[in-house]
Amino acid sequence: ISKTNGKCSYPNCNRPAEIFHHAERFAASHSHESLKLLCKIHHEFVHNGLIKNEKEENNKWYLDLTAKQMIGIDDLYREYRLS
């Protein structure tokens, strides 16, 4: 939290962090090592495959609006969110 001053980890986002996000999905890694703080909007973007390089340092992240949805754990996330 102190690393981002309580703000979202997405580059140049000044919204308050609301969600601890696993860049390496917890269901696959069973580890909390990859936690990133995100606002609700960027968290949804990540799980819909719109943020690229999320496993890299934050300054390498970028928004890809042409991306196709990811397959796997994020499909389960989207299914849950829509139910």
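Modeller: Start with a term. A salt bridge here is a side-chain nitrogen of Lys or Arg within 4 Å of a carboxyl oxygen of Asp or Glu. One more caveat: this is a predicted model.

Biologist: OK, with that cut-off, how many salt bridges turn up in the whole structure?

Modeller: A search of the whole structure finds one.

Biologist: Which side chains meet in it?

Modeller: Lys40 and Glu18, at 3.9 Å from N to O. Lys40 sits in helix H2 and Glu18 in the segment before S1, so the pair ties together parts that are 22 residues apart in sequence.

Biologist: Is Glu18 buried, partly exposed or exposed?

Modeller: Partly exposed. Its relative accessible area is 47%.

Biologist: Let's back up. What helices and strands does the chain have?

Modeller: Three helices and four strands. Along the sequence the pattern reads β-α-β-α-β-β-α.

Biologist: And what share of the residues counts as buried?

Modeller: 34% of the 83 residues in the chain.

Biologist: What about confidence? What's the mean pLDDT?

Modeller: The chain averages 79. A pLDDT of 70 or more is reached by 70% of the residues.

Biologist: Which elements have the lowest and highest means?

Modeller: Helix H1, residues 26–29, has the lowest, with a mean of 61. Strand S2, residues 35–38, has the highest, at 89. Where pLDDT is low, the predicted coordinates should not be read in detail.

Biologist: Switching to rings. How many aromatic pairs does the structure hold?

Modeller: One. Tyr10 and Trp61 form that pair, and it is tilted. The ring centres are 6.2 Å apart, with 45° between the planes.

Biologist: Where do the two partners sit in the chain?

Modeller: In distant parts of it, 51 residues apart. Tyr10 is in the segment before strand S1 (19–22). Trp61 is in the loop between strand S3 (51–52) and strand S4 (62–63).

Biologist: Are those two buried or exposed?

Modeller: Both Tyr10 and Trp61 are buried.

Biologist: Why does Asn58 count as buried?

Modeller: Because its relative accessibility is 19%, and buried means under 20%.

Biologist: Now the backbone. Which value does phi take at Asn53?

Modeller: Near 65°, a positive value in a residue other than glycine. Asn53 lies in the loop between S3 and S4. It is partly exposed, with a relative accessible area of 37%.

Biologist: What about glycine? Where is Gly49?

Modeller: In the loop between helix H2 (40–47) and S3. Gly49 is buried, at 0% relative accessible area. Its C-alpha is 9.2 Å from that of Leu63, 14 residues away along the chain.

Biologist: Last topic, the surface. Which residues form the nonpolar patch?

Modeller: Ile1, Phe20 and Leu35. Together they have about 320 Å² of accessible area.

Biologist: Where does Leu35 belong?

Modeller: Leu35 is in strand S2. It counts as partly exposed, because its relative accessibility is 34%.

Biologist: Good, thanks. That covers my list.

Key
Residues are numbered from 1 along each chain as its sequence is written. This is a predicted model: local features need pLDDT of at least 70, side-chain atom pairs count only at pLDDT 80 or more; totals for chains, interfaces and linings use all residues. Side-chain values use heavy atoms; hydrogens and water are left out. Rings of Phe, Tyr and Trp (its six-membered ring) pair if their centres lie within 6.5 Å; planes under 30 degrees apart count as stacked, over 60 as edge-to-face and the rest as tilted. Helices (H or I, at least four residues) and strands (E, at least two) are DSSP runs, numbered from the N terminus. Buried means under 20% relative accessible area, exposed over 50%, partly exposed in between (1.4 Å probe, protein chains only). pLDDT is the predictor's confidence in each residue, from 0 to 100. Patches are made of residues with over 30% relative accessible area and no salt bridge: like charges are joined within 9 Å, nonpolar side chains (Val, Leu, Ile, Met, Phe, Trp, Tyr) within 5 Å. Accessible areas come from the Shrake-Rupley method with a 1.4 Å probe; for residues, only the protein chains shown count as cover.
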